[in-house]
Amino acid sequence: MHRVKLGWWGPEVSEVCFGSLAISPLQGRITGQEGQEVLRYAVAQGVDWIDTAEIYGNYDQLRPVLKESPQVRIVTKSYAATAAELKASIESSRQALGRDILDIYLLHEQESHYTLKGHAAAWEALLGAKSQGIVNSVGISTHTIQGVRAGALQPGLDIIHPLVNFQGLGIHDGSLEEMVEAIKFAGSMGIGIYAMKVFGGGHLTKEPEKALDFIRSIPEINAMALGMSSIEEVDFNLSFLGGDSISSELRKRVTAKERKLYIADWCQGCGNCVETCSHGALSLGDGQACVDLSRCVLCGYCGRVCPHFCLKIV
Ligand code: SF4
Ligand code: SF4
């Protein structure tokens, strides 16, 4: 497993971070216990950091693994906007994760300079937690180009976790080229960067090599969080990135899984996806999108237009 340094100020970690959304109850792909086993397997292969967030609701799932493996670092994120909210989030994270010190703490989904301005009190409290030694590195996660640019200029910021993949799926405010430029800008300022949604939320899993190679082709991206919910996915990703040969059987198991469109229950019913689907597979009912699986061809086009990243092929 390649080891990398997260920017000028961040820790040295494995190139792959375990993206725990994929094993969390929020996605519901597998049981909590099955998810723990996949995570344990990844840790045994050398993955030494885990990405989570308050909203994933999986601290209980992660705590036993963190206890067994004290070398594993943890990243979590909070939507806190005020100092009091941020302090409460940090305290509940420390307790629920069983860690006195949180390795990396991010403000969740900071989409522009204005969002960061609106979270100024939380940011100051986060810097305070860092100076107290209860958080080691601080930063933001973002789905936007403006978020990356604003984060790069944020005083005291160590790490950005931006959404980036080879098709630019899910970037809210511009093109993939603009996102890559913003990442290069942040990287040139010493910010540690680890990529999010490398497989486009499940829409790019038919071309896993292309997805992983693309991230590696951008030198300013130090590492990547990969959502993995099976042993096969761990084997495939780590073998490919390690330069090992991959059997055709393993590739088939990873890419030829039976897939379907999954609509997250936080759908806001905006209707963007319905307008986009030329197969007439989507409709609105009870204020949320619904899919007719008999019409859906799994093209993945609807995922590009969802502002809330609700649509995934799982
Ligand atoms: S994956 Fe393609 S066919 Fe299926 S609902 Fe989305 S746009 Fe329509
Ligand atoms: S685009 Fe997203 S939020 Fe809007 S209706 Fe479709 S799934 Fe729901």
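Into which domains is the chain divided? Domain 1 covers 3–255 and domain 2 covers 261–313.

## Model and conventions

This is a predicted model: local features need pLDDT of at least 70, side-chain atom pairs count only at pLDDT 80 or more, and totals for chains, interfaces and linings use all residues. Residues are numbered from 1 along each chain as its sequence is written, while chains are lettered from A and ligands numbered from 1 in the order in which they are written.

## Domains

The domain bounds come from an automatic or database domain assignment. Taken over C-alpha atoms, the centres of domain 1 and domain 2 are 25 Å apart. Seven residues of domain 1 are in contact with seven residues of domain 2. Contact requires C-beta atoms, placed from the backbone, within 7 Å. On the side of domain 1 that touches domain 2, one residue is nonpolar, six are polar and none is charged. Here Ala, Val, Leu, Ile, Met, Phe, Trp, Tyr, Cys and Pro count as nonpolar, Asp, Glu, Lys and Arg as charged, and the others, Gly among them, as polar.

## Barrel

Eight strands form a closed barrel in the order 3-4-5-6-7-8-9-10, with parallel pairing. The twist averages 30° from one strand to the next. Strands (E, at least two residues) and helices (H or I, at least four) are DSSP runs, numbered from the N terminus. Strands pair if DSSP finds at least two bridges between them.

Strand 8 (residues 159–162) and strand 9 (residues 192–195) pair in the parallel sense over two bridges. I159 stands opposite G192. I160 stands opposite I193. In a regular strand, side chains alternate between the two faces of the sheet. Strand 9 is covered on both faces: G192 and Y194 are buried on one side, I193 and A195 on the other. Buried means 20 or more other C-beta atoms within 10 Å of the residue's own, with C-beta atoms placed from the backbone.

## Helix 3 and S93

S93 is found in helix 3 (residues 83–97). S93 counts as buried because it has 22 C-beta neighbours inside 10 Å. Leaving aside neighbours within four places in sequence, S93 is in contact with E54, T76 and L102. S93 and T76 are 17 residues apart along the chain, and 7.9 Å separates their C-alpha atoms.

## Ligand 2

Around ligand 2 there are 14 residues, of which C267, C270, N272, C273 and C306 come nearest. A residue is near the ligand if its C-beta atom, placed from the backbone, lies within 6 Å. The shell has nine nonpolar, five polar and no charged residues.

Notes:
Two residues are in contact if their C-beta atoms, placed from the backbone, lie within 7 Å. Axes are lines fitted to C-alpha atoms, for helices over the stretch in contact, and angles run from 0 to 180 degrees between N-to-C directions. A residue is buried if 20 or more other C-beta atoms lie within 10 Å of its own, exposed if 12 or fewer, and partly exposed in between; C-beta atoms are placed from the backbone.
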